[in-house]
Amino acid sequence: MTTLLSPDIHTVGELTDRCDRCGAAAKLEVTLSSGGDLAFCGHHANRMHTDIARVASKIRLAEGFTWAGK
């Protein structure tokens, strides 16, 4: 049986990275359970919220951003 843990979610003032999918300003940064980091704009973060929550160990949200996975 596989046990899934909820990622640790924090809100930060602002993010300086760019989205790894389209290059827009990042609204969410994720540290993957397997290692590594990814950044997503608001559009891509909300579009892929289920997959992000499944593979993340830590999530940082830009202040004021409403994420569908939270």
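Colleague: What is the order of the strands in the sheet?
Modeller: This is a predicted model, to start with. The order is E1-E4-E2-E3, in an open sheet of four strands. The pairing is mixed.

Colleague: Which strands stand at the edges?
Modeller: Strand E1 (8-12) and strand E3 (37-40). Each has a single partner strand, so one side of each is left without a neighbour in the sheet.

Colleague: And the twist, what does it average?
Modeller: It averages 20 degrees from one strand to the next.

Colleague: Let's take E2 and E4. In which sense do they pair?
Modeller: Antiparallel, over five bridges. E2 covers residues 28-32 and E4 covers residues 56-62. Take Val30 as an example: its bridge partner in E4 is Ile59.

Colleague: How many bridges join E2 to E3?
Modeller: Four, and those two strands also run antiparallel. Leu28 has Phe40 as its bridge partner in E3.

Colleague: What sits between E2 and E3?
Modeller: Four residues, and the two strands form a hairpin. Look at Gly35 in the turn. Gly35 has a positive phi of about 105 degrees.

Colleague: Is E2 mostly covered or mostly uncovered?
Modeller: Mostly covered. Four of its five residues are buried.

Colleague: New topic, the core. Which residues touch the most other members?
Modeller: Leu28, Val30, Ile52, Ile59, Phe65 and Trp67. They belong to the largest nonpolar core, which has 15 residues. E2, E3 and E4 each supply at least two residues of this core. E4 gives the most, with four.

Colleague: Pick Ile52. What does it touch?
Modeller: Leaving out residues up to four places away in sequence, Ile52 touches Leu28, Val30, Phe40, Ala45, Ile59 and Trp67.

Colleague: Now charges. How many salt bridges are there in the whole structure?
Modeller: Three, from a search of the whole structure. One of them joins Glu29 and Arg60. Their closest N and O atoms are 3.2 Å apart.

Colleague: Why does that pair tie together separate parts?
Modeller: Glu29 lies in strand E2 and Arg60 in strand E4, so the pair links parts that are 31 residues apart in sequence.

Colleague: Are those two buried or exposed?
Modeller: Glu29 and Arg60 are both buried. Arg60 has a relative accessible area of 16%. The cut-off for buried is under 20%, so Arg60 qualifies.

Colleague: What else does Arg60 meet in a salt bridge?
Modeller: Asp37, at 4.0 Å from N to O. Arg60 is in strand E4 and Asp37 is in strand E3, so this pair ties together parts 23 residues apart in sequence. Asp37 counts as exposed, at 53% relative accessibility.

Colleague: Which residues are linked in a network, then?
Modeller: Glu29, Asp37 and Arg60 are linked in a network of salt bridges.

Colleague: What does Arg54 form a salt bridge with?
Modeller: Asp51, with the closest N and O atoms 3.0 Å apart.

Colleague: Where do Arg54 and Asp51 lie?
Modeller: Both are in helix H2 (residues 49-55). They are three residues apart, about one turn of the helix. Arg54 is exposed, with a relative accessible area of 52%. Asp51 counts as partly exposed, at 41%.

Colleague: Great, that's what I needed. Thanks!

Note on methods:
Residues numbered from 1 in each chain as written. Predicted model: local features only at pLDDT ≥ 70, side-chain atom pairs only at ≥ 80, totals over all residues. Heavy atoms only, no water. Pairing = 2+ DSSP bridges. Axes fitted to C-alpha atoms, helices over the stretch in contact; angles between N-to-C directions. Buried < 20%, exposed > 50% of the residue type's maximum accessible area, 1.4 Å probe, protein only. Core = buried A, V, L, I, M, F, W, Y, C linked by side-chain atoms within 4.5 Å. Contact = heavy atoms within 4.5 Å. Salt bridge = Lys/Arg side-chain N within 4 Å of Asp/Glu carboxyl O.
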